[in-house]
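Keep the model open in a viewer and follow the stops below in order. Each stop names what to select and then says what is there.

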Amino acid sequence: MTVAKVLITTSALMGFMISGVRDLRPAQSTLCWQPTVYTEATLAALRSYVSRTDARTAELRARVGLLQDSPDSVYVVSNEEVCHRGAVALAVLKGNPDTVNLHPVLTIKAGTMRYVLDDGATKGGEFMASYVADTSFRILGAIAN
Amino acid sequence: MLQRRYLTYSILVLGAVACAGDKPVTGPGQETLQPPSFQTITPPSGTVTLTPTASNQGIPEQTVVSYAEQTLVTVRATGQMTMTNNHGGPAGQLDAGGSYSATEGGCTGNVWVAFAGSVGFCAGNQQPDPAHAWTVTTLVQGNGRVSWIAGPYSPENCGGPCFTFTGDGFTVTITPATVDFNVTASPTTLNYNDSVTVTVTVSPAQVSGVNVPWRIDSTTWAPAFGTQASPCVGTSWVAPDAGTRTCRRPFGRSGTLTVFATVNGVKAQGGVTITVTPPELDVTAAPPTIQGPNSVTFTATVTPSSIPYNSWSLSGWTWTPDSGTGGASPCNWNEKTCSRMVSRSGWMKAAATIGGYALADSAHVTVTPPVFDVTATPASIPGPQSVTFTASVTPSPPNGWNLSSNWTWRPDSGTGGISASCAWNEKTCTRTVSKSGWMKATTVIGAYTLTDSARVYVIPCPTGDSLVDREPIRKLLPSLWSQASPTAPPANRVERGGYVYDSLGFDITVPSVQAPGDNPCQNANLRTRTLPIVVGVHVHPFSTGDTLPWQQCGLPPLLPGQTYVMGHTWGGPSAPDWVRSWIDQAPHIVMDADSIYRFGPPDSLHAQVNPSNPSDTTYIPAGNWASKIHSYPRNAGSCTRP
């Protein structure tokens with residue numbers, strides 16, 4: 001199902017909202033976006049993709065460019081310089097020539113040689129996408145969840 | 001002559017109407033009881049003029065008026081005569097008191113009035129005699145006689161009359177007291193057996209310090225129905241003062257009370273109409289509505305509450321069912337409260353006679369059918385295995401219940417499919433079932449014949465999840481999967497969905513129509529019914545790790561060689577799938593090429609703002625959402641689900 005088809009309105013849902021503080025942080029203050037609930041779910045899934053040894057997971061890694069590694073090698077990056085590079089990589093991917101006024105991205109180290117970048121704004125159908133990049137921040141593929 | 005002034009009061013008209021159907025009641029003198037309650041009593045009066053002409057010629061007595069009963073009257077004599085002596089000279093004036101003679105020891109030349117005894121008149125013996133009004137108020141009885149006594153006495157022999165008179169004579173008037181006679185009651189409208197004060201008054205009660213003579217001779221009571229002694233009899237009356245008599249008594253029926261009296265010598269009567277609100281018998285049933293046979297308490301009470309509990313008895317109870325026969329036994333006549341087992345809707349009626357009133361009332365009891373439920377456990381089985389069928393009645397009848405016949409097994413196809421039939425005396429029955437089918441049981445509870453059935457579904461490779469293994473879902477999933485074209489190139493696949501609703505205990509399966517925007521990565525899956533949702537279902541026509549057709553899915557383009565693959569951050573469903581479950585507040589099922597996921601609803605949602613666009617909010621599951629998902633592999637051993 002797609003987000004657009006869920007047929008809910010923001011105003012309607014606002015009345016139901018129960019959890020948490022919004023995770024928006026001013027772009028000028030940091031480029032390391034770390035929304036709590038979303039970060040936890042994404043991190044758990046990535047650890048699974050990186051560390052599991054079954055054939056289907058191995059095939060997923062191969063298709064998207066991930067490398068097998070230990071669960072501990074998957075963690076959230078808080079280094080502004082790294083996040084900046086991630087933000088630049090996604091801006092370029094999306095055809096945005098402005099690499100100065102960047103938007104924050106969730107940057108996760110996914111094994112020794114890979115990063116996963118998520119700007120929280122990439123949607124297709126009912127899925128949201130995270131991008132896999134190498135240590136040069138070259139995009140290798142994407143995972144839609 | 002009696003002169004009566006009749007006042008008409010509407011209440012008395014009503015009283016007369018109330019008595020119209022009965023034999024006319026008459027009072028003393030056979031007078032028809034048409035009371036006014038108020039009368040002015042005016043006994044006869046009398047008057048006479050005596051005109052003497054000479055002192056030696058008295059006027060003989062004559063009866064002016066007669067009173068059979070003691071009567072208070074005022075006797076008055078007026079007028080003067082001018083006297084002339086036998087020498088032709090003036091001799092003064094003579095009034096009704098005449099002249100007192102010490103020699104005679106009394107009066108002469110005076111007006112004499114007497115009934116049983118003398119009333120008057122006689123001048124004083126002290127000279128000079130003062131002027132007199134010659135009037136007296138007194139009780140009299142009998143003939144009122146009037147005469148003029150010759151005189152004045154003179155010791156001389158006048159050789160004829162000593163005096164001659166000129167003038168208009170003496171006028172004697174005998175005037176009885178005029179009094180009002182009234183009969184009232186308070187209250188005149190009352191509840192059964194409330195007390196009424198009947199008041200009889202004579203006014204004025206005294207004239208010139210003398211009591212008006214009066215007495216109550218009798219009372220009659222004309223009840224609205226039947227016969228009754230008069231509530232007010234001779235000893236009932238009390239006299240708070242000379243002009244009043246009261247009687248305070250409880251009244252049980254409407255009617256007219258007439259008081260016969262003799263007032264200042266005249267027969268008088270007055271009546272009051274009493275309107276009594278009859279007692280009521282009230283029957284209640286508690287509770288008035290029961291589900292299936294149950295005990296009901298019936299209570300009979302009477303109003304007004306002032307009627308003592310032990311002063312009345314019921315004549316009996318009767319039970320009438322709304323249909324058919326039976327359903328309850330009537331209470332005993334000597335029970336004002338009783339509890340009975342009631343199994344059919346109907347009326348319980350009580351009757352009583354209180355104070356001559358035949359009373360009855362009824363209370364209705366509605367018996368609604370209990371819930372008869374037949375279950376099969378487990379309802380879904382992978383192949384021949386034991387299934388326990390259970391029949392229950394809710395609420396359970398206090399006196400127990402049984403099935404009315406043996407259970408009936410009906411397989412979906414052919415015959416058999418069960419190891420043995422279940423008997424009527426087995427409310428729980430375990431048999432080996434090898435085919436899908438229905439087990440039916442019937443019971444009769446009171447007026448209701450109740451039937452229910454339980455479905456046993458033989459499915460291959462059950463998950464053990466009661467929702468996923470539910471028959472309509474197991475049939476809907478492969479249908480949706482087939483419609484999603486899962487073996488077609490990814491770009492040609494499409495998500496498909498539907499809902500299963502609960503329609504009064506029956507599952508209604510409604511596949512959703514394919515919306516214009518549906519594609520390999522989305523499906524509107526609109527909810528089209530307002531029925532309660534059992535589960536929302538849709539399929540993702542991919543495996544985890546499959547490459548998604550980014551163009552059809554609306555994802556940003558990648559460079560050649562780069563792909564979007566299907567992940568499982570949210571356990572298999574997407575975040576919007578969780579949101580939909582939360583909105584529906586119902587579980588959802590997603591099936592992809594690998595697994596069947598049953599999930600939701602989540603505890604809560606989290607609003608996540610797009611960091612590059614604050615006006616864009618995405619909702620994701622929050623709380624312990626991960627514990628709200630169960631996944632079942634589609635390929636389990638030799639099984640392929642669904």
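Select A:Ala142 first: its bridge partner is B:Tyr564, in strand 41 of chain B. Strands and helices here are DSSP runs numbered from the N terminus, with at least two residues (E) for a strand and at least four (H or I) for a helix. Now widen the selection to strand 6 (residues 139–144) of chain A and strand 41 of chain B, which run parallel and are joined by three bridges. Two strands count as paired if DSSP finds at least two bridges between them.

This is a predicted model, in which local features need pLDDT of at least 70 and side-chain atom pairs count only at pLDDT 80 or more, while totals for chains, interfaces and linings use all residues. Residues are numbered from 1 along each chain as its sequence is written, chains are lettered from A and ligands numbered from 1 in the order in which they are written.

Next, show where the two chains touch. Here 53 residues of chain B are in contact with 48 residues of chain A (contact: C-beta atoms, placed from the backbone, within 7 Å). Elements giving two or more residues to the chain B side include helix 3 (550–553), strand 41 (564–566), helix 4 (575–584) and strand 45 (613–622). Strand 45 of chain B gives the largest share, eight residues. By class, this side has 24 nonpolar, 25 polar and four charged residues (nonpolar: Ala, Val, Leu, Ile, Met, Phe, Trp, Tyr, Cys and Pro; charged: Asp, Glu, Lys and Arg; polar: the others, Gly among them).

Move to an open sheet in chain B, where four strands lie in the order 31-36-35-33 with mixed pairing. Strand 31 (380–381) and strand 33 (408–411) of chain B stand at the edges, each with a single partner strand, so one side of each has no neighbour in the sheet. Strand 35 (residues 437–445) and strand 36 (residues 448–458) of chain B pair antiparallel over nine bridges. Select B:Ala441 to find B:Asp452 of strand 36 opposite.

Then select strand 4 (residues 81–85) and strand 5 (residues 90–94) of chain B, antiparallel and joined by four bridges. B:Thr84 has B:Pro90 as its bridge partner. Four residues lie between the strands of this hairpin, in which B:Gly88 takes a positive phi near 85°.

The mean for chain B is 91, and 94% of its residues reach 70 or more. Over residues 1–34 of chain B the pLDDT is below 50.

Technical notes:
Two residues are in contact if their C-beta atoms, placed from the backbone, lie within 7 Å. pLDDT is the predictor's confidence in each residue, from 0 to 100.
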